[in-house]
Amino acid sequence: MPWGNHLVSMLLLKLSAQDLLTLNSRRRMVPHLAARYRYFRGRDVSNTEREAWAESLVVLAEDLVEAERGNVEMVVECAATVDEPQKGEPPLIDVVLVGRHPETCLPSFQLVELKRWSMVTRVEAATAELVSVPGYKTPKKHPALQLRKTYRLFSGDQGPLRGITVECGGFAYLHNATDDSVRPLLDTLAPTGAYERVYTHDSRDLLLADLRRHFAEDGAASEVEQLLRFMNLRNTPLLDAMIRSRGEDTVFTLRGQQKRVAASVLKRAALVLGNPDQPAPPPDDERAVFIVTGGAGTGKSAVGLQLRADFEAAGQTVKYASGSRAFNGALQEQVGYTDNEFRKRFAYFSHFVTPPDPPLDVLICDEAHRMRERTIDMYRREEKSGKQPQVDDLLDASRLTVFFLDESQSVRPKEVGTVSLVEEAARARGIVPLHYKLREEWRCGGSDAYIRWVRAVLDIEAGTTEWTPDGLMHVEVADSPEELEHIIRTEAEAGATARMVAGFCWPWTEPVGKGRAARLESDVRIGDWHRPWNAKGDSFRENGLVPPSTKWSVHPYGINQIGCVYTAQGLEWDWCGVILGEDMVRRGDRWVYRKGQWYKDSENNVKRVKVPGSFDMKLREGTGSEAEREEEFARCIRHAYHVLMTRASRATVLYSTDEETQEYLKTCVGDLQVHGLRPTWENLPAEARVPHLPSPNRRGNDTSPGQELLF
């Protein structure tokens, strides 16, 4: 049976004991665990398991609090292995307790098997390995034997603790039993060892003492952060990895599906392009097309950039093309490429109206959902405009083409990149495209629960709109734009990466003046709070204090402007403040989509909002019937907010300018206050406070004091 829908190391919940009790008191724990289980396993959890969570997890958490170890982190239903097993499902550990050892100061782990058994009898007189449990038809293994297996996996070559020095043990906890009622589990024939201890209700005092012996009063947050890294649930930001390698290698450890996709492309490439170690080259007319799909944060760009480096190292002619100016601009700015270096390696889709002669060996097309029907030169020059569909321009440009796309991130009517479009274009050339899907989500703290919540809130897919904190991702609703900005600026000044973005619900004024001295108009206006959009064009403004749009996402001064979907797509920050305008407002049980109108402010010679709604004129260029155009408009708005709400790796702060929508968001997020879960830079353990690397080209003269390491 396959592992499930999602191949990241399985983990249903990560909370300290005291936070878990708070979550349970709000009746949110069991529904959250059940939803996570269904996502991972592809099936509903049994009622018996639900009852076990509701009882046993709470008992263990209460014991930790009574032992004055409420800070100890409880990782619930944790996979014993990091990588996907060759067959079957990975064994699960009921709970992994994580903290710091009070004597050695090493990371301390206790693997816990929770049992609600109240009585057992021995099956065979000579062994305690099998016992009979009332209510079960077949004998059950001694819990210590289950722990022995998961302990070896968890600390072995496939587990997250491989190769590191830790304090690790385990125990079974039968909180409903007495020593006498489960005597076969405790007598001299029972398995013994550091991970084979058994506690009952009678030995609860001993358990509390042992918990104090294994865990210090502090340090748990730091150690669980390390465990998340070992489980591949914390990721090196893409641009940081590229900076470290000067762009020659992404320095990503490709994982799971990512590794398989990259290996498959390279294997097929050897057949199409030839192997440098083999003298007989393949025919020049052989071609191949790959389509790699995946949601936000599944690692499409990481795989693509790694493939580019691999092909370049093998001596192949290769270019990495994108439909996103913001992503390409951020990449050039951060890695420190010169213009010539960048043009040699990277391009835009519009650069292939005239195919290279001879064709490239490899063209990697990232953000391929942003392909247009046809390349139209921005200056309307006919010789620079395409004569055929843009997908055909890209296929003509190389012998092997790799398309990375996510149809849910298409945010304009004329963005036509879909799987079916590429498949049809490839088959018209006699090429059978190979399609791969990436499902492992690494953005948003590895919290698939958060991504699914966003999609449910935006009505992109069915699901619960009630947010439950999972210890991986944080979301909150600010009461005002001033509060949202204060939160984002506070985190940026402390050392986190952070940005403010908004729906395209205000006019966007051209810079006033000429050259670097031109100033920005404060177009985004909410009451007395006025802020400018990020600058249009490729030039610095306001005498160097405002970066161009292509650098807004990574330049320290970008914190002073508001970004939109076109400058945020493909990028991420630790914290992201998202302002929802009145292009999408909640009315009753549905979303209503609006188009805005402007008036001319004659005094300042700028456009202002007359009727709130969308001011993205590109969204009004749809074709078809009026109903089809309206549905396309609504789809693009939903997708734009989906992009904006999935840009953060730790925390998203929301605010809506519409009162009813603001109340709806607060209802969805809830007023649940859980101790220590807000991942402010101050609250983060030292291990999680990793400064982001500065651009090699930035020497500090355009960086404000205290922000040198923000980006």
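These exercises work through a sheet, a helix pair and a cavity in a predicted model. Local features need pLDDT of at least 70 and side-chain atom pairs count only at pLDDT 80 or more, while totals for chains, interfaces and linings use all residues. Residues are numbered from 1 along each chain as its sequence is written, and side-chain values use heavy atoms, with hydrogens and water left out.

**Exercise 1. State the strand order of the open sheet and find its edges.**

Step 1. Helices (H or I, at least four residues) and strands (E, at least two) are DSSP runs, numbered from the N terminus. Two strands pair if DSSP finds at least two bridges between them.

Step 2. The open sheet has six strands in the order β1-β2-β3-β4-β8-β9, and its pairing is mixed.

Step 3. β1 (13–16) and β9 (197–200) each have a single partner strand, so they stand at the edges, with one side of each left without a neighbour in the sheet. From one strand to the next, the twist averages 30 degrees.

Step 4. F171 has R197 in β9 as its bridge partner.

**Exercise 2. Describe how α2 and α14 meet.**

Step 1. Axes are lines fitted to C-alpha atoms, for helices over the stretch in contact, and angles run from 0 to 180 degrees between N-to-C directions.

Step 2. The axes of α2 (residues 29–41) and α14 (residues 448–457) come within 11 Å and cross at roughly 95 degrees. The two helices, α2 and α14, are therefore roughly perpendicular (65 to 115 degrees).

Step 3. Contact means heavy atoms within 4.5 Å. From α2, H32, A35, R36, Y39 and F40 meet D448, A449 and R452 of α14.

**Exercise 3. Characterise the largest cavity and its lining.**

Step 1. On a 1 Å grid over the protein atoms alone, a cavity is a set of points where a 1.4 Å probe fits but cannot get out; lining residues have an atom within 4 Å of a point. Grid points are joined across faces, edges and corners, and a volume is the space filled by probe spheres set on the points.

Step 2. There are four cavities of 30 Å³ or more, and the largest holds about 130 Å³.

Step 3. Its lining has 16 residues, with F504, V565, D583, D616 and A640 nearest the centre. α17 gives the largest share of this lining, five residues.

Conventions
Parallel < 35°, antiparallel > 145°, perpendicular 65-115°, else oblique. 1 Å grid on protein atoms, 1.4 Å probe; cavity = no way out; pocket = protein on both sides within 12 Å on 5 of 7 lines; lining within 4 Å.
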